[in-house]
Amino acid sequence: MKILSHEDILQQLDHPFFRLISDTAEELALECYVIGGWVRDLYLERPSSDIDIVVVDPTQQTKRPGIAIAEALRHKLGKKAHIAIYKNFGTAQLKHKSLEIEFVGARKESYDRNSRKPVTEDGTLEEDQNRRDFTINAMALCLNKERFGELVDPFDGLADLEYKTIATPLDPDITFSDDPLRMMRCIRFATQLGFQIEEETFDALGRNKERIKIISAERIAEELNKIILSPIPSTGFVELERCGLLPLIFPELAQLQGVETKNGKAHKNNFYHTLEVLDNVAKATANPKDLPEGNGTWDSPKDHILWLRWAALLHDIGKPKSKRFDPLLGWTFHNHNDIGEKMIPGIFRRMKLPMNEKMKFVQKLVQLHMRPIAIADSEVTDSAVRRLLFDAGDDIDDLMLLCTADITSKNDLKKKKFADNYITVRTKLVEIEEKDRIRNFQPPISGEDIMEMFGLKPCKEVGVLKTTIKDAILDGKIPNEYEPAEALLIEEAKKIGLNVITN
């Protein structure tokens with residue numbers, strides 16, 4: 001955090017648009033303040049495009065003062081400015097070049113127990129700041145000429161920024177009960193900023209956790225995504241579990257928590273292991289330039305990072321359902337990757353996450369994440385590597401990143417052994433790919449070719465012959481070329497009584 005002098009603030013506000021707002025406010029006899037995230041991030045020296053302007057009419061003569069000043073600005077800016085007006089909320093969104101600013105009239109709010117949508121009425125700046133979620137988001141800078149750059153900070157949000165604290169302006173029980181989404185935002189801000197949640201505020205999370213049930217799955221998922229994209233996402237999930245929200249919004253993840261002991265044998269805490277893997281992936285993807293190219297389905301590098309981190313969060317999600325105790329082996333989690341893959345569509349559907357290629361990417365990585373470990377534990381054969389390349393396709397680099405992140409042993413020698421083995425696997429992957437071109441390969445003879453050669457319609461035999469060619473290539477019995485594949489095909493076809501149709 002940077003301690004800003006009044007001169008520093010004036011320098012930050014020295015922008016033609018802020019000056020234009022100031023001039024327009026004077027003409028309309030309105031008070032204007034930039035409030036919330038932009039002010040917070042100014043002191044934190046973080047880039048921010050979140051510009052909110054709260055407008056106060058001291059005479060109470062102007063209806064919807066936020067809309068009034070936005071319309072006046074649009075008139076001054078001309079055709080290049082675009083405005084969206086929301087009369088029911090008394091807000092307007094103005095877009096001009098790269099700027100996007102929201103104007104809202106100062107208001108006070110009251111809530112119905114069964115809804116987070118407030119009943120609003122015009123209010124003072126003080127009443128508007130009272131309704132804000134956290135002290136660090138309630139700070140305002142005046143844009144009127146006589147007080148230009150003056151900080152209005154009734155809840156000492158500046159001190160909370162300095163001490164890295166998340167606290168509510170008023171009673172946290174009221175704040176969270178009125179709008180339960182604020183509980184998710186509380187943990188999300190703490191995670192993003194690396195702040196601590198003030199004790200009474202944290203206790204209120206637990207007291208009001210059941211209220212989260214009135215919040216839509218989409219809004220909860222939006223906050224979860226922001227936590228996942230944070231520098232150290234584990235802190236958010238630890239706080240969600242600690243206050244009791246996690247079992248309500250993500251029961252499958254909460255079920256990973258705990259350690260069971262039987263006959264003196266205990267398994268590791270899979271919840272904290274999962275979070276360690278997530279943090280490892282977060283560290284490896286902190287710089288988008290270091291990302292693997294991926295499968296080409298991503299909207300942006302940030303989108304790629306998000307779903308790669310979701311794969312880390314879900315990689316062991318099948319362990320509670322697969323957990324068994326073997327008197328000789330101890331605790332086992334056989335096929336947890338297969339079980340986890342099957343659980344993912346249900347989780348995505350409930351959370352209203354995308355049921356498309358992004359979900360399939362997460363499924364693929366969860367299903368395959370044990371394969372490189374199995375290869376590294378034994379002799380790294382060409383056949384095993386070919387099959388891994390074939391099954392992973394363009395996601396092989398993401399898979400290897402996840403598997404490397406999955407090395408969380410506290411035993412340094414064991415950890416080094418796994419890391420060294422993965423280096424061997426990665427080297428072999430490059431060698432096989434360069435030699436055999438296996439990644440995303442299609443056998444040189446298609447099912448249609450087989451049907452034409454033997455005068456067949458779609459049937460079981462076509463699939464059997466096609467699989468035989470594919471397996472022979474992956475096992476290194478024949479090269480990935482047409483003539484060797486054709487020779488093998490004719491030989492195998494004769495064994496089941498098929499002959500080539502000649503014209």
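Q: Which residues does Ser234 touch, not counting residues up to four places away in sequence?
A: Ser234 touches Leu275 and Asp279 on that count. This is a predicted model, so the contact is a computed one.

Q: What joins the side chains of Ser234 and Asp279?
A: A polar contact of 2.5 Å.

Q: Is Ser234 buried or exposed?
A: Ser234 counts as buried, because its relative accessibility is 10% and the cut-off for buried is under 20%.

Q: And where is Ser234 found?
A: In helix 11, which covers residues 234-243.

Q: Phe237 falls in that range. What does Phe237 touch, again without residues up to four places away?
A: The list is Leu224, Ile227, Ile228, Leu246, Leu253, Phe271, Leu275, Leu278 and Leu313. Leu275 is also touched by Ser234.

Q: Which members of the largest nonpolar core touch the most other members?
A: Ile21, Phe237 and Trp310, out of 136 residues in that core.

Q: Which helix gives the most to this core?
A: Helix 15, with 9 residues.

Q: What lies apart from it?
A: Another core, of 10 residues, with Tyr33, Ile35, Ala140 and Val152 among them.

Q: Start from strand 3, then. How many bridges join strand 3 to strand 4?
A: There are 6 bridges, and the two strands run antiparallel; strand 4 covers residues 91-96. Ile83 has Leu94 in strand 4 as its bridge partner.

Q: And how many bridges join strand 4 to strand 5?
A: Strand 4 and strand 5 are joined by 6 bridges and run antiparallel. Lys95 stands opposite Glu100 in strand 5.

Q: What about the hairpin of strand 4 and strand 5?
A: The hairpin has 2 residues between the strands, and Lys97 takes a positive phi near 55°.

Q: Next is strand 2. In which sense does strand 2 pair with strand 5, parallel or antiparallel?
A: Strand 2 and strand 5 (residues 99-105) pair in the parallel sense, over 5 bridges. Val54 stands opposite Val104 in strand 5.

Q: And strand 1 with strand 2, parallel or antiparallel?
A: Strand 1 (residues 31-35) pairs with strand 2 in the antiparallel sense, over 5 bridges. Val34 stands opposite Ile53 in strand 2.

Q: Why is strand 2 described as largely enclosed by the rest of the structure?
A: Because 5 of its 6 residues, in the run 51-56, are buried.

Q: On to aromatics. How many aromatic pairs are there?
A: The count comes to 9 aromatic pairs. One of them is Trp298 with Phe361, which is edge-to-face at 4.7 Å centre to centre and 80° between the planes.

Q: Where do Trp298 and Phe361 lie?
A: Trp298 is in the loop between helix 14 (270-284) and helix 15 (301-314), and Phe361 is in helix 18 (residues 357-368). The pair therefore ties together parts that are 63 residues apart in sequence. Both Trp298 and Phe361 are buried.

Q: What is the geometry for Phe325 and Trp331?
A: The ring centres of Phe325 and Trp331 are 5.1 Å apart and the planes are at 65°, so this pair is edge-to-face. Trp331 is buried, with a relative accessible area of 15%.

Q: Which residues form one aromatic cluster?
A: Phe250, Trp307, Trp310 and Phe348. Trp310 was also named for its contacts in the largest nonpolar core.

Q: Which arginines lie over the face of a Phe?
A: Arg19 lies over the face of Phe148, at 4.2 Å from the ring centre. Arg188 lies over the face of Phe189, at 4.4 Å from the ring centre.

Q: Last one, Leu42. Where is Leu42 found, and what is Leu42 in contact with?
A: Leu42 is found in helix 3 (residues 37-44). Leaving aside neighbours within four places in sequence, Leu42 is in contact with Leu4, Gln12 and Leu141. Leu42 counts as buried, at 11% relative accessibility.

Definitions and conventions: Residues numbered from 1 in each chain as written. Predicted model: local features only at pLDDT ≥ 70, side-chain atom pairs only at ≥ 80, totals over all residues. Heavy atoms only, no water. Helix = DSSP H or I, 4+ residues; strand = E, 2+ residues; numbered from the N terminus. Buried < 20%, exposed > 50% of the residue type's maximum accessible area, 1.4 Å probe, protein only. Contact = heavy atoms within 4.5 Å. Phe/Tyr/Trp six-rings, centres within 6.5 Å; stacked < 30°, edge-to-face > 60°. Lys NZ or Arg CZ within 6 Å of the ring centre and 35° of its normal. Core = buried A, V, L, I, M, F, W, Y, C linked by side-chain atoms within 4.5 Å. Pairing = 2+ DSSP bridges. Polar contact = N/O pair within 3.5 Å; in protein donor to acceptor, adjacent residues only side chain to side chain.
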